[in-house]
Amino acid sequence: MPYDDKDEIPPTPPPLPASHPTQRARVLESAKFVGLFYLESIAGAVALLAAASVVSNALTPVPEPLQIALLVVVYVACLRRLWQRVASARKSRGQPRWSATIAFWVALTFPVAGLGYLLMEPGKLRGPQARQREAKAALGELLRAEREFFRDNGRYTLNTRELPNPGEGKVPRYVVGFPTACTVKAGVAQDKAQFIVDDPTFVQPHRLEIEAFFLNVHKADDCLDPKEGFEAYAVGSIQENAPLDIWRVDHKRTYSNLQQGW
Amino acid sequence: MKPGELSLLLSDRVRLAIMAALAASDEPLDFNSLLESLALSKGNLSSHALKLEEGGLIEVKKEFVGKKTRTTYQCTSKGRQEMRSYLAQVESLLKLAERRT
């Protein structure tokens, strides 16, 4: 059998193209792409939220779901731009254009992990405007219960024992109840003037301030006769370093935000 | 036995439904599950439960589970007794009515 040197000597690998980067250069390139991606995403998000804030103050509040949808659009646009950069770099090296690279996975992982965290903690997704809706919902529930009570008893009540807790089954951020002067005038014990809230984060640090509000909001002479009407308040702290958020509702279904807490 | 002797507290349809649900359960029932099973409004359930509590037929417990508020209702022994006697009275009235027809 004739000797064939091809059997023993392995074929020489083809030479790398001149433009093929080293491992270090590739990592640096990935870092650059990821950095640009985050820079663009953050700039886009900040610009978008600033625009939403301007529109909210000047014209009409931009609904939160719309803001979230626009942020998702910015994120997807930035992700697409990253993909294009990666594809272009790969094409210049003679590699297939479409491939899930480290840069792409890094760009994808952090926002997805962040979104997962936010979904597990729904409260974090909600801004102060959404928290304010809690106050309106609680007062709405109180108003409905008061109307039912009036239908059965011919008077409204200032006793929280006689009403369902508007925060039942939830973590209430607002203390809901009646001015202390009015409950005292109506002969209701002071500890039944407001629904008790046990939230250590949003309520406890402001407990004294909230109690002072309910003590001072009305003088006994200004209180309505429970046979004619009532006024209820929802008071809570919805943003750090901001005043208390105060809402009021009366038997005529008039809601007012007496003090904005953000 | 006269109809006038029937328990006034249990003569109301909603209160009877609340008592039936609570008497059938050994465990306390919470506000939201009662609300769902009896299809009542919150104000309605709350005011009727208060009347039952004032009559000593149920026990109301307001507590916090974690940071969430939870109101539970449980039938007292007096409540179970009243319920049994109410049902016995209704039954005897029905028998009386049947005999007359």
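Q: What is the handedness of the disulfide between Cys182(A) and Cys223(A)?
A: In this predicted model, a disulfide joins Cys182(A) to Cys223(A), with the sulfurs 2.0 Å apart. The torsion about that S-S bond comes out at about -85 degrees, so the disulfide is left-handed.

Q: How many residues apart in sequence are the parts that Cys182(A) and Cys223(A) tie together?
A: Cys182(A) sits in helix H6 (residues 180-185) of chain A. Its partner Cys223(A) is in the loop between helix H7 (207-216) and strand S2 (231-236) of chain A, so the pair links parts whose separation in sequence is 41 residues.

Q: How many disulfides does a search of the whole structure find over all chains?
A: Cys182(A) and Cys223(A) are joined by a disulfide, and both are buried. Searching the whole structure, over all chains, turns up a disulfide count of 1.

Q: Is Cys75(B) buried or exposed?
A: The cut-off for buried is under 20% relative accessible area. Cys75(B) has a relative accessible area of 8%, so call it buried.

Q: Which element gives the most residues to the largest nonpolar core?
A: That core has 22 residues, and Leu139(A), Leu142(A) and Val176(A) touch the most other members. Helix H5 (128-153), strand S1 (174-177), H6, S2 and strand S3 (245-250) of chain A each give two or more residues. With 6 residues, the top contributor is H5(A).

Terms used:
Residues numbered from 1 in each chain as written. Chains lettered and ligands numbered in written order. Predicted model: local features only at pLDDT ≥ 70, side-chain atom pairs only at ≥ 80, totals over all residues. Heavy atoms only, no water. Disulfide = S-S within 2.5 Å. Helix = DSSP H or I, 4+ residues; strand = E, 2+ residues; numbered from the N terminus. Buried < 20%, exposed > 50% of the residue type's maximum accessible area, 1.4 Å probe, protein only. Core = buried A, V, L, I, M, F, W, Y, C linked by side-chain atoms within 4.5 Å.
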